[in-house]
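Subject: Structure for you, plus some notes

Hi,

Here's the structure I promised to pass along.

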Amino acid sequence: MAEAILELGQVTKRFERTLAAHRLSLTVYRGEFFTFLGPSGSGKSTILRMIAGLEQPDSGHIRIAGKDVGTVPPWRRNVGMVFQHYAVFPHMNVTQNVGYGLRVRRRPAAEIRERVSGLLRLVGLAGMAEKNVTLLSGGEQQRVALARALALEPALLLLDEPLAALDEKIRREMQAELKHIQQKTGTTFLYVTHDQEEALTMSDRIAVLDGGACVQCDAPERLFRRPRTRFVASFFRGCNIVAADLLGREAGRARVGIAGQAVTVPADGVALPDRPRIDVAIRAEHLRVGRGAETCQTRLDAGLVEVIYRGTNVDHVLELPDGQRVVATSTQREAEGMGPRVACGFNADDVILLED
Ligand code: ADP
């Protein structure tokens, strides 16, 4: 059984009228890469700040390595932090920055030297030990901040949008590297981002936050394939949300009407509403157009509104018979040479029922 390194129990925090955390309960296990994903204002930073001890919850409890940290000050919690803006010490060189915490803790000089050079190798800064940090690029400064936080071997490393200020290419590189460093050190990472792709790429598990509440906590693949609510589904690019009729239910499945066509779709574990309407999600790559629709279980007659070339993929904007618009993505122009009416197809198992 994996060891729980962080336990949040019914943690609630309110700022006047805003709920920054709402009865948040979850467990993070040692060695996990755990991500809080949510839009701006959903409470991600406040939650990290409470775990770090920089903010106090109104109610609920936080345990780190089995110990309630309610009255424990930040510097005794054994957590490290890396922020979006490089919090490096400008008057120190790279080595001095990384060794700072170890010097404050009066570790022997030989141990500091050895540890710092190991960390610089780990974060890819081995050749820059004596460099002034202000001369480093943004990505390099974040490596310094990361190495400095790792130097004290924290039980938990909290990372608050650490890559958000970097440009796209460096960000992608750093994502892969962060994951690599996390695996190599075995440190538990608690990561905050609003970027769904970043969360999917790096995390072992993701908690999706909405108004301070956790609306779904799952492994990336599960979250991507089976978003539980409209909020979670709409977070992932390429997810069509379609209003459907709820026609009936049977063991593990439900019968829904999508733009007038009845389809029996998986409903395992879904809390179906009492009213006759339900939202469903269908990923854009699961909708097929024209000839591609011929092998699908369900086919609808749709209007072709627009074809958008996106390089690797082509988006087909379609209007379903009931007027709802959806996007079908494929690797080629499936509707090439077709008229204004096209077939749109999908398979029942690719329809995801969404809870409220
Ligand atoms: P996120 O990190 O997801 O963007 P935050 O945790 O920063 O969200 O903020 C959650 C909500 O709490 C927001 O509505 C924000 O305005 C509010 N908030 C955060 N800190 C404070 C504060 N010190 N005083 C008042 N409101 C705050």
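Let me start with a contact between two helices: R115, L119 and L122 in α3 touch A147, L150 and A151 in α4. Sorted by class, that contact has five nonpolar residues, one charged and no polar ones. Before you go further, keep in mind that this is a predicted model.

As for the geometry, two packed helices are described by the distance between their axes and the angle between them. For α3 (residues 109–122) and α4 (residues 138–151), the axes come within 10 Å and cross at roughly 135°.

Next, α3 and its other partner, α2. The axes of α2 (residues 94–104) and α3 come within 9 Å, with a crossing angle of roughly 125°. So α2 is oblique to α3. Here too the crossing of α2 and α3 is right-handed. On the α2 side the contact is made by V94, T95, V98, G99, L102 and R103, and on the α3 side by I112, R115, V116, L119 and L120. By class, that contact of α2 with α3 has seven nonpolar, two polar and two charged residues.

What about α4 and α5, are they parallel or antiparallel? Their axes come within 11 Å and cross at roughly 15°, with α5 covering residues 168–185. The two helices are therefore roughly parallel to each other. α4 passes α5 in a right-handed crossing. The residues that meet are G139, Q142, R143, L146 and L150 from α4, and I170, M174, E177, L178 and I181 from α5. By class, the α4 contact with α5 has six nonpolar, two polar and two charged residues.

Which residues are around it? The list is F15, T18, A20, P39, S40, G41, S42, G43, K44, S45 and T46.

- S42: a backbone N or O atom lies 3.1 Å away from a ligand oxygen.
- G43: a polar backbone atom is 3.0 Å from a ligand oxygen.
- T46: an N or O atom in the side chain is 2.5 Å from a ligand oxygen.

Cheers

Conventions: Residues numbered from 1 in each chain as written. Predicted model: local features only at pLDDT ≥ 70, side-chain atom pairs only at ≥ 80, totals over all residues. Heavy atoms only, no water. Axes fitted to C-alpha atoms, helices over the stretch in contact; angles between N-to-C directions. Helix = DSSP H or I, 4+ residues; strand = E, 2+ residues; numbered from the N terminus. Contact = heavy atoms within 4.5 Å. Nonpolar A, V, L, I, M, F, W, Y, C, P; charged D, E, K, R; others polar. Near = heavy atom within 4 Å. Polar contact = N/O pair within 3.5 Å; in protein donor to acceptor, adjacent residues only side chain to side chain. Parallel < 35°, antiparallel > 145°, perpendicular 65-115°, else oblique. Left-handed = near helix turned anticlockwise from the far one by under 90°.
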